[in-house]
Amino acid sequence: MLQIENLKVEIEGKEILKGISLSVKKGEIHAIMGPNGSGKSTLAMVLAGKDFGNITEGRITYMGRNLLEMAAEDRSKEGIFLGFQYPIEIPGVSMVNFMKTALNEHRKYRGEEPLSSSDFLKLMREKKELVKIESGLTNRSVNEGFSGGEKKRNEIFQMAMLEPKLAILDETDSGLDIDALKVVANGVNELKTSENATIVITHYQRLLDYIIPDVVHVLYDGKIVKTGGKELAIELEKKGYDWIKKDVDVVNYG
Amino acid sequence: MEKEQDKIINEVTSGEYKYGFYTDIDIDTIPKGLNEDVIKLISAKKQEPKWMLEFRLKAYKTWQSKKMPEWAHLTIPEINYQDIVYYAAPKQKARLNSLDEIDPELLDTFNKLGIPLEEQKRLTGVAVDAVMDSVSVKTTFKETLAEQGIIFCSFSEAVREHPDLVKKYMGTVVPYTDNYFAALNSAVFSDGSFCYIPKGVRCPMELSTYFRINAAHTGQFERTLIMAEDDSYVSYLEGCTAPRRDENQLHAAIVEIIAEKNAEVKYSTVQNWYPGDKKGKGGVYNFVTKRGICRGENSKISWTQVETGSAITWKYPSCILRGDNSSGEFYSVAVTNNHQQADTGTKMIHTGKNTKSIIVSKGISAGESQNSYRGLVKVLKNASNARNFSQCDSLLLGDKCGAHTFPSVEVDNQTGIVEHEATTSKIGEDQIFYCNQRGISTENAVGLIVNGYAKEVLNKLPMEFAVEAQKLLQISLEGSVG
């Protein structure tokens, strides 16, 4: 589904991603872990199509197409969803209006008629139940005045509405208490099928108690320095990132 | 980031003006130029009584003694008043079947503008007075309204048919001595609408006037007068468009509103005059004096405006709150793009006791445009317990445009409470990217964000108008963010 080959990205003259290669197949959950500043969010943003920095080398193939040539909105319509680390507020625009606009753009792209208001509201009710999001949230402006936890749950709700093929969740767990974390993880698990894939980006292992990854990657200093099964996450939690850093720094500068 | 900004600016171009067409129709016109003879000619063409001509001539003298106002934050090229045609009327073909028959060409024009003039085709809730250049082409539902004693007709007709009412109220809110453009209008005004709502009548439909400039080199100078007697209510809408032309055309109007005891008047404008092209060539100069007086107790006047058009806007719909417990409202969205300039706002003059006013102004600037809010809240000595709340927000798209606020507060009564809030924000790339990531194109994202920002004002518009206004906002800003 997704192939990243030797991806190098520079921001303001500084190399942030230093040759990332990664392959995600449908039905898989990948976890990308790493300390702050290792390039996790940059990777997520590049995949989603944010126009920043310079891609100096490498290629990304998504469903057989060159992803880097696709506009951000087309990537979305082709099934890529980014759960933002810091969801953006849009004052005055109701969640209902926002989601309806988004969903209908997706439908138009697939050559389908826009959903009627009643069908849309019905779908919204279903999805709200699925991800256990409070009813009131969708009557408010997009993320405006939402608590940290509400924002994150709102991301999962949007993901449920858009049914992506590839969901990238950027630190969706940060700032969540354990109950909220369970709600988010539960949403991700409910939406999981053998046809879609998820990349979970996280700093901590604890989310992976609830979302079981097939593959764990450790990103450090712009490179994937270790790849393994879910046990890698547990080892990481036990030994901390210093363990990885030491290993890598020895190889690099030893 | 620099590159991104350049891209944004460069793309502030593709916004298409939808109403730029011209109707090729025979017109009855007079030569360019302004002098007493021209004024006499206009008056004669309109078959006006003598008192009206005298009013015009006095106004003309006043205008000659006045100077163009220069205090606004606008760069206005010199206007050659001798190079303007002050009267142009579409020639109607011989009326064969009925008095009400209109030239199909004109019907067509208004159909194209989305204003069908056949009553059966109209949404039943709106009566229209359609004005092209210097004359009213047709007023719909006149008879239906007359059954309730409501007078809704063109200003020229009112002068002929209801001279006493016109004489009594015209110039009482905006006298011809008021300002340069008011004096000019009073001297040469052509047509406009006249509404009279009798005591105790709630007008059963929205009244509206659609102003269309069509002829070249022509100025439009219309007057509207709305008179609401005790315990009456009316909601009035105004729309305007003009053809796309390289020359600048002048539009200098006067609107006067009078609200008696317990009367309420809502006045909504969706102003979409041709704004000029992306380089700032052409476009309408919109220099308008709009003012209402809450004369009776508990009366209310509410101005709502969505300003997307005209090359230069100079406009301050205001309220004089004379009746005790009366209230005035001003809700405005002003959009400027490319090289447009707008200096708009309001004056709330509190003279009665317990009077209230609300000002909500939302400026949206894009391209290389300049957008200013100018407001005055004045509480006079005897106006005890006056209350005002003002909120002035500016939204910037790109970094070559300007947003300015000039709020002014004068309070001469210590019991008054005046509050002012102001914010300036930039439409965020982050907001747009967030929308993009959900599959929403940049154009639609800007539309969504801007409409969200302007929601408070758009909500004040009558339903059908609100939908139009939303679309208009989006079209006006098309291509303004890369």
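Author: Start with the contact itself. Chain B brings 16 residues to it, and chain A brings 21 residues. Two residues are in contact if their C-beta atoms, placed from the backbone, lie within 7 Å. On the side of chain B that touches chain A, α9 (429-437) and α10 of chain B give two or more residues. Helices here are DSSP runs of H or I with at least four residues, strands are runs of E with at least two, and both are numbered from the N terminus. By class, that side of chain B has 6 nonpolar, 7 polar and 3 charged residues. Ala, Val, Leu, Ile, Met, Phe, Trp, Tyr, Cys and Pro count as nonpolar, Asp, Glu, Lys and Arg as charged, and the others, Gly among them, as polar.

A word on the source. This is a predicted model: local features need pLDDT of at least 70, side-chain atom pairs count only at pLDDT 80 or more, and totals for chains, interfaces and linings use all residues. Residues are numbered from 1 along each chain as its sequence is written, while chains are lettered from A and ligands numbered from 1 in the order in which they are written.

Now look at chain A. Its secondary structure comes to 8 helices and 12 strands. The C-alpha trace of chain A spans about 65 × 40 × 35 Å along its principal axes. Of the contacts in chain A with a separation of 6 or more, 71% join residues 24 or more positions apart.

Last, turn to Cys195(B). Not counting residues up to four places away in sequence, Cys195(B) touches residues including Ile151(B), Phe152(B) and Leu207(B).
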